[in-house]
2 protein chains.
Amino acid sequence: MKTLKYSRQRESIKACLMSRHDHPTADALYTLIREEYPNISLGTVYRNLNLLVELGEIQKLTCGDGADRFDADTSPHYHFVCKNCGKVSDLPLDPLVNINHLAQEHADGTVESHTIYFYGTCKECFENNYR
Amino acid sequence: MKTLKYSRQRESIKACLMSRHDHPTADALYTLIREEYPNISLGTVYRNLNLLVELGEIQKLTCGDGADRFDADTSPHYHFVCKNCGKVSDLPLDPLVNINHLAQEHADGTVESHTIYFYGTCKECFENNYR
DNA sequence: TTATTAAATAGTAACAATTACTAATATAAT
DNA sequence: ATTATATTAGTAATTGTTACTATTTAATAA
């Protein structure tokens with residue numbers, strides 16, 4: 001069996017993600033963390049992010065556009081994605097637990113969880129006429 | 001301005017997708033269509049799928065795992081994804097239009113649409129003990 | 001402390017999904 | 001039939017991500 005060993009890099013990745021509310025991509029985190037650890041490897045960032053997801057300490061967001069994003073807030077909540085600028089923000093809406101049961105009635109299997117992404121135009125893009 | 005021109009390949013791609021209910025990936029469609037057009041190019045499949053999405057004739061599904069999938073049913077409906085085998089199936093649940101309004105109250109922008117993916121274990125995988 | 005063991009790393013190569021490029025072909029309009 | 005341009009096949013390039021490997025680092029035992 002594999003025992004987990006401490007690593008500064010992993011701590012730094014988690015700390016950096018926790019300090020942010022913009023749900024950065026692996027590459028964005030890589031850029032941020034290189035300020036503190038100039039020769040950290042992109043592979044290390046990916047490996048640790050996936051490990052942290054497996055450990056349930058962070059969560060991965062797949063919003064449809066390019067790269068996956070990461071979120072240090074593991075409590076069930078939803079996200080709002082701007083179709084214009086791609087920004088992903090938290091949506092503090094109470095988790096809709098009942099819709100799993102709703103879905104269960106029509107699914108050919110056992111429904112365990114769900115994800116919801118809301119799409120639209122964010123405030124800034126709206127004020128700047130979508131530019 | 002660009003005017004659309006007919007192409008057999010595009011028609012074939014759309015027809016093939018409409019005949020299927022398993023939401024194939026671009027590569028899966030490529031394999032299927034090569035039976036009729038043995039030297040169609042994978043790039044042609046991707047280009048036309050994206051074009052059809054832009055035209056609103058089909059929709060793209062991004063369920064988190066590997067490749068994007070495509071669905072000829074553009075009516076609002078949801079999907080069930082098996083965490084075990086990756087199968088994506090339709091979930092004939094009435095569209096939850098009210099949750100856009102719910103989300104609107106907490107979003108920092110204009111909510112226009114949403115996607116929901118339900119995750120769990122499909123019937124087959126359950127009966128085969130997740131194998 | 002030093003030695004031992006195994007996990008983690010940096011750096012690089014490989015991979016998978018997708019898009020871009022280009023010369024040739026097919027479609028629509030004249 | 002001629003012309004203009006959208007579309008194609010084939011290939012190369014890009015992007016996001018994972019795998020590999022020799023070296024380093026952390027935890028543990030002597």
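I call a residue near a strand if its C-beta atom, placed from the backbone, lies within 6 Å of it. This is a predicted model: local features need pLDDT of at least 70, side-chain atom pairs count only at pLDDT 80 or more, and totals for chains, interfaces and linings use all residues. Residues are numbered from 1 along each chain as its sequence is written, and chains are lettered from A and ligands numbered from 1 in the order in which they are written.

There are 28 residues around DNA strand D, and Tyr6(A), Gly43(A), Ser7(B), Gln9(B) and Thr44(B) come nearest. Two or more residues each come from α3 (42-54) of chain A and from α1 (8-18) and α3 (42-54) of chain B; helices (H or I, at least four residues) and strands (E, at least two) are DSSP runs, numbered from the N terminus.

Next, the chain contact. Two residues are in contact if their C-beta atoms, placed from the backbone, lie within 7 Å. Chain A puts in 31 residues and chain B 32. On the side of chain A that touches chain B, β5(A) gives the most, with 14 residues.

How do β5(A) and β5(B) run? They run antiparallel, joined by 13 bridges; strands pair if DSSP finds at least two bridges between them. One bridge links Val111(A) with its partner Gly120(B) in β5(B).

Last, one residue of chain B. Leaving out residues up to four places away in sequence, Val81(B) touches Cys63(B), Val88(B), Tyr117(B), Phe118(B) and Tyr119(B).
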